Amino acid sequence: MKTQVKALVVGGGAVGTSIAYHLAKAGWDDVMLLERDELTSGSTWHAAGLLPLFNMSFATTHIHKYSVDFYKSLEAETGLNAGFAVVGNLRMAQTQERMDEFMLYASTAETCDVPYVWMTPDEIKAKWPLIRTEDLKGALYHNTDGYINPADVTQAMAKGARQRGVEIVRKWQADAFHWNGDAWEVTCTKMVEKGGNLVPSDEQIVITAEHVVTASGNHAQTTAKKLGIKIPAIPVEHQFIVMDQDPALVQFRSEGNVEHPVIRDADAQSYVREERGGWILGVYEKNAPACFEYGVPDSFRADLFPLDLERIEEQYMAMIHRIPSCEESGLKDDFNGPICYTPDGNPLVGPALGLRNMWLAEGFSFGITAAGGTGYYLAQMMVDGEAEIDMASLDPKRYGNWMTTEFAARKNEECYDHVYILHHPDEERPACRPLRKSPAYDRQATRGAQFGFVNGWERPNYYAPAGFNDHDSRSFRRGGWWQYAVEEAKAIREGVGLIDATAFTKHRITGAGATAFLDWFTTNKLPRVGRINLTYALTAHGTTRTEYTIVRNGENDYYLVSAGAWTAYDQDYLFKAIEDKEAEFGRINAQDVTTQWGVFAIAGPKSRDVLAAVIKDADPATALSNKRFPWLSAQKIELGMCPVNAIRVAYTGELGWELHHPIEMQNYLFDLLEKAGEPHGMKLVGARAQNWLRQEKSYRAFGNELGRDATPLEADLPRFVDLSKDFHGKDTMLEKGIRSKCVTLLIDGPDDADPWGREALYHGDTRVGRLTSGGYSVAFGKSIGMGYVKPELAVVGTQLQVKMLDQLWPAVIVEDSPYDPQNAAIRADG
Ligand SMILES: Cc1cc2nc3c(=O)[nH]c(=O)nc-3n(C[C@H](O)[C@H](O)[C@H](O)COP(=O)(O)OP(=O)(O)OC[C@H]3O[C@@H](n4cnc5c(N)ncnc54)[C@H](O)[C@@H]3O)c2cc1C
């Protein structure tokens, strides 16, 4: 057994094994995989093995697609047959809303080259007569996926890994991790059998590894403790039952018919597949409890929980309704095992917060499906520095240190319960809320705020009249809330609105090395003292890692504002870069001040009038004029008794200011502004209207247009990239050239729907790109979107089509900032 390796993978389930395989395949010839028990003895052995391509997320769809293709190739490479039955997947819809969901999903599938076909109830009946179809609206059918034997595919990957030089060591547990500055020293304990339990022996060794990956499945909480970090991966109980033979099915197959696809009845929260003349029924039922919140007991090995039939009775009856011939089949076997979840259902894949060369691959609920692709893309991140797709939506740091065990457990139960709900793009999930509230939360709530969840924060999405029910207003088309967002957007364009932007991430950077560091770290020229700039930190591959608004408060005193959803993600990159560069640039102090400062954004032609009424200044009439407070500058002002760091900038593209204020004075400021705004008809405005307005100005959003799959030049933001200076990622950014380009489109879409920012873009019959944002433009009275297309098409006036609700709708590329391209509104004097 080696004691010095390039990479140590902890955990021999499907995920860890795939990672070890792909690291070796990517060229690392010194990889070890450590498993505390036997390969597949975690969740992997009891998985049903379904490999659904269906996924609403762009990155996850890519991951699943890679897996499905990869597993098909494994036998040729290893000689092991993993039992991949490519039977396809039939997703049935009982309602038009479910069909709408499938149509939105189909856009994601298309943009990832995942094939699908539509089927009518009659077509289903003709092909698979055992399925009851009269209550169906239709179905979406993938014919390229199916199911596999989870243990066999893991063993095949293990064999492939061994063939590529990976050392796989069983019955050793990684117990303690120490970073010595260059590598991890991992103390490992030999595990031994004792009375059926697996327990640590006295035998220990230390393995030195440059990189460590943890893929510890249900043991994620123990792993988190050992690493001193938080990992919101906690399992939930998941059940499936195997039924005796169904004579009708046996007959059907004996007539030479091919196997049924995996049959998904989402409206009945269940999936069904054939198993030796009978059926397997798997369910996502209500009230499935979280388990192992504080670690997996020694006594729980390749074990299961007792079946809880009562919990799945409803879904069982629904299956009998869907496949009536199974009614007489008895129960042959049952599985109730731990399935790892995360609060949003996506796994946690990427660098761990605050640690070097420590990679997490935890929290997999579709781990058999995701293992192949996760191994592939994580190996790219580790070996090449970046994956070819943007993995940010899976990054473990999307949850910050505010996260607790209780939050993760309850949220994961909710996530499990929500697997088969309608995944409205305007969905908000209720569990564990409200948790992170800005002080004005209660005031906003009484004024009708309907809140969204952003990195734990409650942020108003829109304001509605009393009695309005956000849950019932959700839709794949224009939801019931749409009209309120229209009114709010108009208020900002025509009058004045107030937006709560407290969730913004805020860092203060000071010290003798601050200026040189930030000049190297970001793409744009640093602002002069008292001014602000928009700028980007790049990955080593020259793509966008973070978007910052930098305010320069002093020669070596900077205030950095970035997206609210990404606090820990941004901070990790910033703090690690500072640590690396301090010796070169001099002392740099970095402080997370996110929760110290509240932010209100006031915007609209009348915003100056509202502020003028409350500003304390020797000459209030001129204090906010262009001369004294120009666009893109920052000043300390006083609004009533509240000291405010005001920045003249507005993400909505109107005259406006961001008012950064001490959080403890937020309610005072709220009341002051609300009163001052009354004579001007000031409206409280939520994030949805803001999202539409920023698209009218072509302002890119992080996580949509901006991410690790495009450079700022591809985002078409050369004005924020100063090529006359050297900065991190510059050369690689230039080497990349322009592979695709960001554009803004006005869309003549359906009367009752706007794009959500996931739709495919067509030029004639050819798919040429995808939308990354979408919404409604009050200025143009039609749908709007932003997206990426091939550079030769990124020309103003190019006619494209957007695929929405399974139809192509005309769209035209418009100039950047179609609303007020000269920025006259923002610069308005007064
Ligand atoms: C009933 C059921 C049905 C399912 N059906 C499907 C399905 O159809 N399709 C699908 O895609 N997914 C399915 N899943 C989910 C799937 O089983 C998991 O997502 C997947 O197995 C996770 O793989 P993993 O490698 O992350 O974790 P695991 O398989 O749990 O592997 C983790 C391994 O790490 C080892 N380990 C932990 N800590 C240490 C340590 N410190 N040192 C050394 N080793 C350590 C453990 O012993 C374990 O072997 C199902 C789950 C259940 C419960």
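Predicted model: local features only at pLDDT ≥ 70, side-chain atom pairs only at ≥ 80, totals over all residues.

**Stop 1: the ligand**

Pick S43, where a backbone N or O atom sits 2.8 Å from a ligand oxygen. Next try I368: a polar backbone atom there is 3.0 Å from an oxygen atom of the ligand. At F366, the distance from a backbone N or O atom to a ligand oxygen is 3.4 Å.

How much of the ligand's accessible area does the protein cover? On its own the ligand has 1,000 Å² of accessible area, and the protein covers 98% of that.

**Stop 2: the eight-stranded sheet**

Follow β12 and β16 into an open, mixed sheet of eight strands, ordered β5-β6-β4-β13-β14-β15-β12-β16. Look at the two edges: β5 (117–119) and β16 (331–341) each have a single partner strand, so one side of each has no neighbour in the sheet. On average, neighbouring strands here are turned by 20° against each other, direction ignored.

Zoom in on β4 (89–93) and β13 (262–265), which pair in the parallel sense over four bridges. Select M92 and you'll find its bridge partner in β13, D265.

Next, bring in the helices. Helix α8 (313–322) packs on the sheet and touches β4, β12 (234–243), β13, β14 (270–275) and β15 (278–283). The direction of α8 makes about 135° with that of β15. Then highlight α3 (96–111), which lies across β4, β5 and β6 (138–142) and runs at about 140° to β4.

**Stop 3: a few backbone details**

Go to helix α7 (247–254). At its start, a side-chain oxygen of D246 comes within 3.0 Å of the backbone nitrogen of A248. After α7 comes G256, with a positive phi near 90°.

Jump to K171, in the loop between β8 (167–170) and β9. K171 is not a glycine, yet its phi is positive, about 65°.

One more loop: P434 is found between α10 (405–417) and α11 (441–446). The peptide bond from R433 to P434 is cis, with omega near -5°.

**Stop 4: the five-stranded sheet**

Finally, select β23, β24, β25, β22 and β26: in that order they form an open, antiparallel sheet. At the edges stand β23 (532–538) and β26 (589–592), each with a single partner strand, so one side of each is left without a neighbour in the sheet. Neighbouring strands are turned by 30° against each other on average, direction ignored.

Which residue of β26 is the bridge partner of T510? Click N589 to see it. The strands β22 (505–510) and β26 pair over four bridges in the antiparallel sense.

To finish, show helix α15 (567–585), which packs on the sheet and touches β22, β23, β24, β25 and β26. Its direction makes about 15° with that of β22. Helix α14 (514–521) lies across β22, β23, β24 (544–554) and β25 (557–562), at about 35° to β25.

Key. Residues numbered from 1 in each chain as written. Heavy atoms only, no water. Pairing = 2+ DSSP bridges. Axes fitted to C-alpha atoms, helices over the stretch in contact; angles between N-to-C directions. Contact = heavy atoms within 4.5 Å. Polar contact = N/O pair within 3.5 Å; in protein donor to acceptor, adjacent residues only side chain to side chain. Areas by Shrake-Rupley, 256 points an atom, 1.4 Å probe, with all protein chains shown as cover.
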